[in-house]
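Biologist: Can you take me through this one? I'd like to start with the overall layout and then go to side chains.

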Amino acid sequence: MSTVQVDDLTRRFRSRKGREVTALDAVRLHAERGEVVGLLGPNGAGKTTLSRILTTLLLPTSGSARVDGLDVVREAPAVRERIGLVLGGERGLYGRLTARQNLRYWGAMQGLTGRRCRSRADELLERLGLTARADDRVETYSRGMVQRIHLARALLRDPRVLVMDEPTSGMDPHAAQGFRGLVEELRDSGTTVLLATHDMQEAQALCSRVALIDHGRILREGAPKDLLRGLRAPRTVTAGGVPAATAEAVARIAGVTVHGSTPQGHLTLGITADGALSEALRTLTASGVHELSVSSPTLAEVYRTIIEDREFAL
Ligand SMILES: Nc1ncnc2c1ncn2[C@@H]1O[C@H](COP(=O)(O)OP(=O)(O)OP(=O)(O)O)[C@@H](O)[C@H]1O
Ligand SMILES: [Mg+2]
């Protein structure tokens with residue numbers, strides 16, 4: 001049994017005007033021990049709804065979700081002991097309390113008592129590099145520090161599963177990088193992470209699998225590299241200092257499309273067939289071209305192709 005197992009999970013909401021919204025529509029998903037699984041999708045796709053159901057904050061309309069084999073509805077208290085939720089932004093912390101006070105408060109709320117609660121709070125402050133500022137009010141913290149407290153709070157009971165809902169949104173690149181390092185450490189120590197994010201680079205860097213979700217449905221799911229393969233997105237080669245004759249020779253290779261060329265010998269090529277890349281590179285280097293770069297398609301392109309094309313089609 002997977003650490004997280006979601007089967008045919010459906011959640012409907014009725015809006016104030018009485019219109020029904022299907023936030024999740026028969027979602028199936030699983031995550032194994034020590035795996036980071038990404039949830040990618042546009043605003044309103046259902047990512048937060050799924051995060052809330054998994055962490056027992058919201059009930060599903062139908063279907064099931066299990067954490068560590070436990071049902072999130074029927075065994076909610078036991079699930080809560082095994083799962084932590086990391087939210088992005090300011091929600092859920094007391095700004096006028098210090099980091100240490102926040103953690104002790106939340107520890108007590110989560111059933112940790114006395115000395116255990118205090119030592120766990122101190123341990124996490126240390127681990128997340130917050131000890132020096134632990135007795136300052138949270139409202140004086142930077143975004144990156146606030147996020148680390150969110151993470152510390154989620155870790156109080158040493159959960160097997162962490163659900164992160166846009167944990168790095170609004171963080172500067174350096175802080176976000178630091179946060180990702182923490183996620184990697186947790187993953188490597190066996191924690192299972194579900195990561196809802198709008199940051200494709202983050203997803204590509206951290207996730208062993210991603211699910212692309214839109215209008216409550218999983219449109220595609222798999223390892224980033226498999227999704228890239230499925231995409232057949234053309235690779236791009238750019239070259240400088242290309243002699244005219246070489247440019248012509250390259251243009252004749254099957255599977256090579258010239259996207260741009262300048263009289264100065266700057267060339268941009270799209271590669272659409274297997275084998276064309278190596279032949280193009282061979283032809284270019286054989287004629288002494290050394291200003292070369294090859295770019296691979298990214299998860300962002302997979303997302304664009306699957307989600308944005310779908311939006312245009314709707
Ligand atoms: N409490 C609620 N009442 C009514 N509709 C809701 C409620 N919560 C969510 N929804 C609707 O469910 C759908 C999914 O919302 P959800 O917040 O899960 O999306 P999301 O993928 O997290 O989006 P974002 O990227 O903007 O955070 C949306 O149409 C939303 O309006
Ligand atoms: Mg959301």
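Biologist: How far apart do the C-alpha centres of domain 1 and domain 2 lie?

Modeller: They lie 45 Å apart. The chain is divided into domain 1 (4-224) and domain 2 (234-296), with bounds from an automatic or database domain assignment. This is a predicted model, where local features need pLDDT of at least 70 and side-chain atom pairs count only at pLDDT 80 or more, while totals for chains, interfaces and linings use all residues. Residues are numbered from 1 along each chain as its sequence is written, and side-chain values use heavy atoms, with hydrogens and water left out.

Biologist: Aromatics next. How many aromatic pairs does the structure hold?

Modeller: Three. Rings of Phe, Tyr and Trp (its six-membered ring) pair if their centres lie within 6.5 Å; planes under 30 degrees apart count as stacked, over 60 as edge-to-face and the rest as tilted. One of the pairs is Tyr 94 with Trp 106, with centres 6.2 Å apart and planes at 20 degrees, so it is stacked.

Biologist: Where do Tyr 94 and Trp 106 sit in the chain?

Modeller: Tyr 94 is in the loop between strand 6 (83-87) and helix 3 (99-109), and Trp 106 is in helix 3, twelve residues apart. Helices (H or I, at least four residues) and strands (E, at least two) are DSSP runs, numbered from the N terminus.

Biologist: And is Trp 106 buried or exposed?

Modeller: Buried, at 17% relative accessibility. The cut-offs are under 20% relative accessible area for buried, over 50% for exposed and partly exposed in between (1.4 Å probe, protein chains only). Tyr 94 is partly exposed at 40%.

Biologist: What about Tyr 105 and Trp 106?

Modeller: Their ring centres are 5.2 Å apart and the planes are at 80 degrees, so that pair is edge-to-face. Tyr 105 is partly exposed at 31% relative accessibility. Tyr 94, Tyr 105 and Trp 106 form one aromatic cluster.

Biologist: Which charged end sits over the ring of Trp 106?

Modeller: That of Arg 153, 4.6 Å from the ring centre. The criterion is NZ of Lys or CZ of Arg within 6 Å of the ring centre and within 35 degrees of the ring normal.

Methods
Chains are lettered from A and ligands numbered from 1 in the order in which they are written.
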